[in-house]
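Hi,

Here is the structure I promised to pass on. Have a look, and my notes follow below.

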Amino acid sequence: MAEMSKVRSREERLSYLRQHRQVPVLIIGGGINGISTFRELALQGIAAVLVEKGDWCQAASGALSRMIHGGLRYLETGEFALVKESVTERDRLLKNAPHYVFPLRTTVPVDNWGGGMVNAARRFFRLSDKPTRRGALLIKTGLSLYDVYTRQNGTMPKHEVHGEAATRQRWPGFADWVKYSATYYDAWIAAPERLGFELVDDAEQANPDALALNYCQVVAADGDRVTLQDTLSKETFTLQPHVVVNATGAWIDQLNHTLAPGEAGRRLIGGTKGSHLIIDHPALLTQLAGEMVYYENQEGRVCIMFPWFGKVLVGSTDIRVDDPDAVVCEEDEKDYILQSLHFVFPDIHVSDDQVVYTFCGVRPLPASEAKVNGQISRNHSLVLLQPDATHDFPTLCLVGGKWTTFRRFGEEAADRVLYLLGEKRTVSTTDMPIGGGRGLPPTQDQPAWFERLANKSGLSLPRLCQLVQRYGTRAESMLAAMIATEDRPLTHHPDYSVNEIRYLIQHEQAHQLDDLLIRRTSMAICGELTFALINEIAQLFAETLNWTESFSQQQIDETCARLARFHGLSSLNPTLFQEENRHVINP
């Protein structure tokens, strides 16, 4: 059995902040780019501190389309370097995180052969912002260039373009306007929030002097000091950082008002929100047969749909927003997404009760005057705010970026910080496995590995396969804790066990009920939550973290309210739930 790594308790983390006033780097923002920067610096031996006001990957980094892609459509705006970088990083993730990132065969339905060439040229030269439909020849041209970048890494099959007969044979449910189709390969990610946490954990395990703390926010900054507050206990801490990294995404400008008042008028971010739906529709799932459909809706905007753990993920919208704290998937967005789906599959009708989950996040795009949001660059950049009369530390702002390229963005940010510190890079993450992807045997060697795990643990092969699917090789470390005491399946979700949930609470910085329901597991996004299950897991939190009965009930009420507001689960009525379960919580 693999040896369990040492895990700091939250009190030990807070004690670290009490004892360490001066730190070389303070990274603010626990989305994927802040986490990546933290990992890069920790691996270079830097005692970096990473803080996040909520949970890891709680905002935009947990609201992505679940794709790890090369950015095919960025070719038509001439962002060739971004596409090449994205394809390269996609292929690295397929290799470094094979437990969560998988190839995804993708089909593009097309209505004509030669259309869109003139408008594509106009978009390329920034002469037009108008979205238009793209013909098969234009798509083939783009995919040919995509293949060139992909072949440099040699991991994906070449694209194919199909005529109407072949298209109809494979996709009989496509609308009559579909005359051609193109297929190529990208990738999807099964658990982005978990991968984010694993990056945090890898960094801390590699460098015990590095510290990552969720539920800790910046409340003030003055001169050479930054004041933090633990949002759970309300205790405050003062740090003196040599360099501050602002990795708060859509909140960059807001935080800069606190960190660097002299830059208050400078606008770096112009975010847009993207909403997605998870729908439970067996007929559509059958038609997709494991593939993604990457399509243009009626107005020429690119949309996606692909299988998601027995459901279908459909998205997305692209709407400019001013307040990142207020974004939810609105009813008109839901209608828009479903109308777009119906445009491709006219015989598919989705009822309200088939939408089992919604999610929405703000893309931290650079401030732009573009009339069409799709014309705003998805590339990333670094903006350094120099010290001035209000603050003594430089602030490095991480602007833009996409999930696929987080490693490269974090690498660039870390190299800039190392320069500011007078240090040099000693470790590369280019080929470094992540979390449960470390040591995962190739598919052909897995049966023997599972047999060894079964002999050591006494668990059945199906159960071990389930754990490895969820956690990769991290499951091996979990097994010792899971079999140390008597275990049993959850009453209201037998695919999980009591000791499995307790392990996640104890070892993965899960402090709130929705940390586990939404981000450490896929229960919420897969549409598996019930009143009884939420209550059962709340009871395990209470037993593990010594919650009082009143605090447990508060967590249940707040979690149900958040699930209703931000994820469309209005059936989780906190008042009704409280009446039904008032005397169940007994920590």
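Let me start with the surface: Asp280, Glu330, Asp332, Asp335, Asp352 and Asp353 form a negative patch. Patch residues have over 30% relative accessible area and no salt bridge, with like charges joined within 9 Å; a salt bridge here is a side-chain nitrogen of Lys or Arg within 4 Å of a carboxyl oxygen of Asp or Glu. At 38% relative accessibility Asp335 is partly exposed (buried is under 20%, exposed over 50%, partly exposed in between, with a 1.4 Å probe and protein chains only).

A caveat: this is a predicted model, where local features need pLDDT of at least 70 and side-chain atom pairs pLDDT 80 or more, while totals for chains, interfaces and linings use all residues. Residues are numbered from 1 along each chain as its sequence is written, and side-chain values use heavy atoms, leaving out hydrogens and water.

Most residues other than glycine have a negative phi, and most peptide bonds are trans. Cys57, however, has a positive phi near 55°, and Arg66 has one near 65°. Cys57 lies in the loop between strands S2 (49-52) and S3 (67-68), and Arg66 is in the loop between S2 and S3 too. Cys57 is buried at 2% relative accessible area, and Arg66 also counts as buried at 2%. Elsewhere, the Gly315 to Ser316 peptide bond is cis, with omega near -5°.

Cheers

Note on methods:
Patch = residues over 30% accessible without salt bridge, like charges linked within 9 Å, V, L, I, M, F, W, Y side chains within 5 Å. Areas by Shrake-Rupley, 256 points an atom, 1.4 Å probe, with all protein chains shown as cover. Lys, Arg positive; Asp, Glu negative; His and termini not counted. Charge placed at Lys NZ, Arg CZ, Asp CG, Glu CD. Helix = DSSP H or I, 4+ residues; strand = E, 2+ residues; numbered from the N terminus.
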